[in-house]
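Dear colleague,

Please find below the structure that I am handing over to you. I would be grateful if you could read the notes alongside it.

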Amino acid sequence: MWLASDKQNQGSASHYVAIKIKSSSSSEIGIDTDPEVLRLEKLEEHYLKGPQYRPRPYVQLLDYFNIKGPNGSHNCLVKSCWAHR
């Protein structure tokens with residue numbers, strides 16, 4: 001995990017994000033079928049269908065992408081730093 005600054009939301013309380021860079025071996029299946037991405041998207045979908053007054057009981061997936069490096073392709077997940085946003 002890496003702590004990063006969100007340049008698009010500098011004025012907000014959620015200025016910082018966490019970036020998880022997965023190993024190339026766990027990224028072979030591709031970002032669109034990554035089980036962690038699919039699970040977090042399902043959690044968010046379930047949360048949005050419920051009452052919005054309650055805090056999220058999990059870290060929110062904000063974005064995801066894939067990068068190619070010298071050791072292969074890596075799935076990257078951008079997450080909120082706090083679960084109760």
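This is a predicted model: local features need pLDDT of at least 70, side-chain atom pairs count only at pLDDT 80 or more; totals for chains, interfaces and linings use all residues.

Residues are numbered from 1 along each chain as its sequence is written, and side-chain values use heavy atoms, with hydrogens and water left out.

**Sheet**

Helices (H or I, at least four residues) and strands (E, at least two) are DSSP runs, numbered from the N terminus. Four strands form an open sheet in the order β1-β2-β4-β3, with antiparallel pairing; two strands count as paired if DSSP finds at least two bridges between them. At the edges are β1 (2-5) and β3 (61-69), each of which pairs on one side only. On average, neighbouring strands of this sheet are turned by 30° against each other, direction ignored; the axes are lines fitted to C-alpha atoms, for helices over the stretch in contact, and angles run from 0 to 180 degrees between N-to-C directions. The antiparallel strands β1 and β2 are joined by four bridges. S5 has Y16 in β2 as its bridge partner.

**Salt bridges**

A salt bridge is a side-chain nitrogen of Lys or Arg within 4 Å of a carboxyl oxygen of Asp or Glu. The whole structure contains six salt bridges. K20, K22, D34, E36 and K79 are linked in a network of them.

D34 and K22 both lie in the loop between β2 (16-21) and α1 (35-49), twelve residues apart. Both of these residues are buried, where buried means under 20% relative accessible area, exposed over 50%, and partly exposed in between (1.4 Å probe, protein chains only).

K22 also forms a salt bridge with E36, at 3.2 Å, N to O. E36 belongs to helix α1 and K22 to the loop between β2 and α1, so this pair ties together parts that are 14 residues apart in sequence. E36 and K22 are both buried.

A further salt bridge joins K49 and E45, with the closest N and O atoms 3.5 Å apart. Both residues lie in helix α1, four residues apart, about one turn of the helix. K49 counts as exposed because its relative accessibility is 68%, whereas E45, with a relative accessible area of 38%, is partly exposed.

K79 is placed in strand β4 and counts as buried because its relative accessibility is 9%. The side chains of K79 and E36 are joined by a polar contact of 2.8 Å; a polar contact is a pair of N or O atoms within 3.5 Å, where, within protein, one must be able to donate a hydrogen and the other to accept it, and residues adjacent in sequence count only if both atoms are side-chain atoms.

H74 is also found in strand β4 (residues 72-80), and its relative accessibility of 15% makes it buried. A polar atom of the H74 side chain lies 3.4 Å from the backbone nitrogen of S24.

**Nonpolar core**

The largest nonpolar core is made up of five residues, I31, V37, L40, L61 and L77. Such a core is a set of buried Ala, Val, Leu, Ile, Met, Phe, Trp, Tyr and Cys residues joined through side-chain atoms within 4.5 Å.

With kind regards
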